[in-house]
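Please read it alongside the sequence and the coordinates.

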Amino acid sequence: MVAPRQNESFGSVGELDAEVVSELRDRLTEVSIKCSERCLYQSAKWAAELLDSLPEDDDPFDDSPMQDTNNVQSSYRLFSTSYDDPEEAALEAKEAPKYLLAKAFFDTKEFDRCTAVFLPPAIPAGGLAIFDKPKKRTPTSTPSRTKGKSKENGAATVSPFPRLSQKSLFLALYARYLAGEKRKDEESEMVLGPADGGQTVNRELPALARGLEAYFQVRDAADSQLKRSQGWLEYLYGTVLAKSRQEQLAQQWLLRSVRLNPYHWGAWEELATLLSSIDDLNSQLSPSVLPQNLMSIMYQAYASVDLFSTSDQSTTLNYLRILLNYFPTSTFLLTQLALSHYHAKEYESSASIFQELLVAHPHRLDGLDHYSNILYVMADRPKLAFLAHLATSVDKFRPETCCVVGNYYSLCSQHEKAVMYFRRALTLDRNFLSAWTLMGHEYIELKNTHAAIESYRRAVDVNRKDYRAWYGLGQAYEVLDMGFYALFYYQRAAGLRPYDPKMWQAVGSCYAKMERLDQAIRALKRALVAGTYFEESPSAQSSFNANSSVSSNLASSTKRGRSTPQTKPNQQKATRKLLDPETLYQIALLYERVGGAEGEKEAVQYMELCVAQETGGSHMSVVKAEKALRKRLQKEERKTALAEERRARAGRMRAEGVGDMEVDAGQEAAGADDDTEIMSPYSASPDSPSGSSPSPSDAENAGEIHGEGGGDGFGTGTTATTSKARLWLARWCVKQGDLDRAERLAEELCMDGYEVEEAKGLVREVRGRREVEASGASVGLDLLQPPMT
């Protein structure tokens, strides 16, 4: 759970501070310009979209022609990147012509030429240039590794780069980094080809890391207070370290970057990729680590959604409401809200938000791959077809478009075409996570497990927090009958998604295949807790609710759900829990495999609980219903014995020559009793006179038997799983000699329409046993009777 933070400075939902809005407008305008100057186009787009979503200022004097001319400081602040550092401003003015040239090269994707404008190579480019080493040190050469501490300390005092402004140096080094990424993709060739693996790396990373390390040593020695630092080079250094798998050091430099430049969203995004769990996020929430502003709240909401965290969904939604109060039409925040609902499996809510975004911004393709996943899960083929046509008409060479089309072909069961479009998406962007995961799913459908494993592995390399990739690896190895590998990957998926019952069911199935029954039972009980449903309203909408123990699920049928103060008493009365019948059935089968008296007892209890989910009841309600049924059967037996006694007495009276009038009266009375038994839903008490109204206890017992007290009608209804459990209980009753209950359960199966043939066979078996017992009893009575003389 994300630790709560004090956000009083930003107000609550419904309140807007004019000063905060004005500051946000200035900051976002400034950072959008700065990101554009440094060719960080995604961050610039993010800032510009957020700026546009700010509420309009209703000041009627905004149109005054004198306002902009009088506020010189504001204009200077917005259109100068180093207004607070005269030295940096002078360097930028001096380098302006070269900077325009370098930016033009960068925009035309000539990254090496862009770097060479400020950091010229030591020798001309040529075929043998990569094999030659410069004779002496040049400003562009990276510091070499020297032997001895004294030499290293001496080299650390010299800056490896010429005297440039931070803006120009960032552009040159960023262009060198992208040039290395471009060569890496070119060397990888085709997706999942022979050269597409871990051996292809960005060869510029080591030189960039050494150069920036030496640069910051010199800078920090001259400016220990970081008064001249702008945060851009720190962001680049953190990105290089993250790509080099030095994550702890990368996190330190990225945190330094966001403290210096909090409105640069690219640094926050890169920082979020280094989080492995919600605990890592909680460790960053102290005021000494993160800056105390609105961006910190945005980062927490984004990181929680990126971590697929459902345990703190209420906190995440609260943060998003605060942010949407300031940016009511922000596409980024609305997308995060939709993704939060999507990860909580609230598909209808998520799809409605995406649909509203699509109507408002029909040319926006960001996040449409997630929308297509939702439509795929909902099996909404018409909407998915429309989305594919729309995305193709906007830009057919975007990774999002390829994923949307691939999902459409997958829904149409054209898996080869789906793979083709997912590979096209990865050709456009090798780090596009959705395409790797979805392509692995398609290879599983095509029974190409080795390609599926490689796809999932690449997805894990891109994002270790994607539980779907870990779960897919477990599925692939389970198909290959490699249980230990499958168990490892399922456990990783369950660790990332502890409140998803599907993960724990997979872990339990692996343990069961390994004959580790105790661990399998514990895993399935964990799935039972994670998959507990609760009903907030009379509608059919249901959600997951996590609880800390299994015993509370099995002990009683008390209500459990979210405590909402707006819930009315009658709604709370209708709120009931519902356990997963399939999980209950699997736990019962595992206890049956355990064997012994204790195992059989547990198996019976879980089978009873599985059947009880048809009406939303618990094991205790089943026990109560059985007690009521036994009570009713005892009354019926007493009534039958009384009728037999009457008939015997009438026979003796007839034999003794008693008048026919009394015999006829006795027969009529017995017939009246039979009619009452057939027509009345309740049986008369043996102590009450014949024909009297039923007692309240009889009515209550009958109500319990018919399920009126077993779950208020909130349940799964009759399903194949509950019918299997009922058939198992019927066979167990036959084995225990309880033929009456076995016959009743088998007749219920015949009426429900599940397992009909086996139920009919069981009914015939029960009736055959009864006939055998009856015939054996009659033979025994004949033997006991004295012979007639």
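Rings of Phe, Tyr and Trp, the last taken by its six-membered ring, count as a pair if their centres lie within 6.5 Å, with planes under 30 degrees apart called stacked, over 60 edge-to-face and the rest tilted. On that basis the structure, which is a predicted model, holds 27 aromatic pairs.

**Aromatic pairs**
- The ring centres of phenylalanine 216 and tryptophan 253 lie 4.6 Å apart with their planes at 40°, so this pair is tilted.
- Because phenylalanine 216 belongs to helix 10 (residues 205-222) and tryptophan 253 to helix 12 (residues 247-260), the contact ties together parts that are 37 residues apart in sequence.
- Phenylalanine 216 is buried at a relative accessible area of 3%, and tryptophan 253 is buried as well, at 13%.
- Tryptophan 265 and phenylalanine 332 have ring centres 5.3 Å apart and planes at 75°, so the pair is edge-to-face.
- Tryptophan 265 lies in helix 13 (residues 265-273) and phenylalanine 332 in helix 17, so this pair ties together parts 67 residues apart in sequence.
- Tryptophan 265 counts as buried at 2% relative accessibility, while phenylalanine 332 is buried with a relative accessible area of 12%.
- Phe106, Phe111, Phe170, Tyr174, Tyr177 and Trp232 are linked by ring pairs into a cluster.

**Charges over rings**
- Arginine 424 lies over the face of tyrosine 421, at 4.8 Å from the ring centre.
- The charged end of arginine 492 sits over the ring of tryptophan 470, 4.2 Å from its centre.

**Helix 17**
- Helix 17 (residues 331-343) has 13 residues and reaches 18 Å from its first C-alpha to its last, close to the 18 Å expected at 1.5 Å a residue.
- This helix is mostly covered, with 12 of its 13 residues buried, including Leu333, Leu337 and Tyr342.
- Just after helix 17, lysine 345 takes a positive phi of about 65°.

**Cysteines**
- With sulfur atoms required to lie within 2.5 Å, the count of disulfides comes to zero.
- Cysteine 39 is in no disulfide, and the nearest cysteine sulfur, that of cysteine 114, is 6.6 Å away; cysteine 39 is buried, with a relative accessible area of 4%.
- Cysteine 402 is likewise in no disulfide, the nearest cysteine sulfur being that of cysteine 403 at 7.1 Å, and cysteine 402 counts as buried at 1% relative accessibility.

- Glutamate 445 lies in helix 23 (residues 433-445) and counts as partly exposed at 46% relative accessibility.
- Aspartate 740, found in helix 37 (residues 739-752), counts as partly exposed at 42% relative accessibility.

Definitions and conventions. Residues are numbered from 1 along each chain as its sequence is written. This is a predicted model: local features need pLDDT of at least 70, side-chain atom pairs count only at pLDDT 80 or more; totals for chains, interfaces and linings use all residues. Side-chain values use heavy atoms; hydrogens and water are left out. Helices (H or I, at least four residues) and strands (E, at least two) are DSSP runs, numbered from the N terminus. Buried means under 20% relative accessible area, exposed over 50%, partly exposed in between (1.4 Å probe, protein chains only). The expected span of a helix is 1.5 Å times one less than its number of residues. A charge sits over a ring if NZ of Lys or CZ of Arg is within 6 Å of the ring centre and within 35 degrees of the ring normal.
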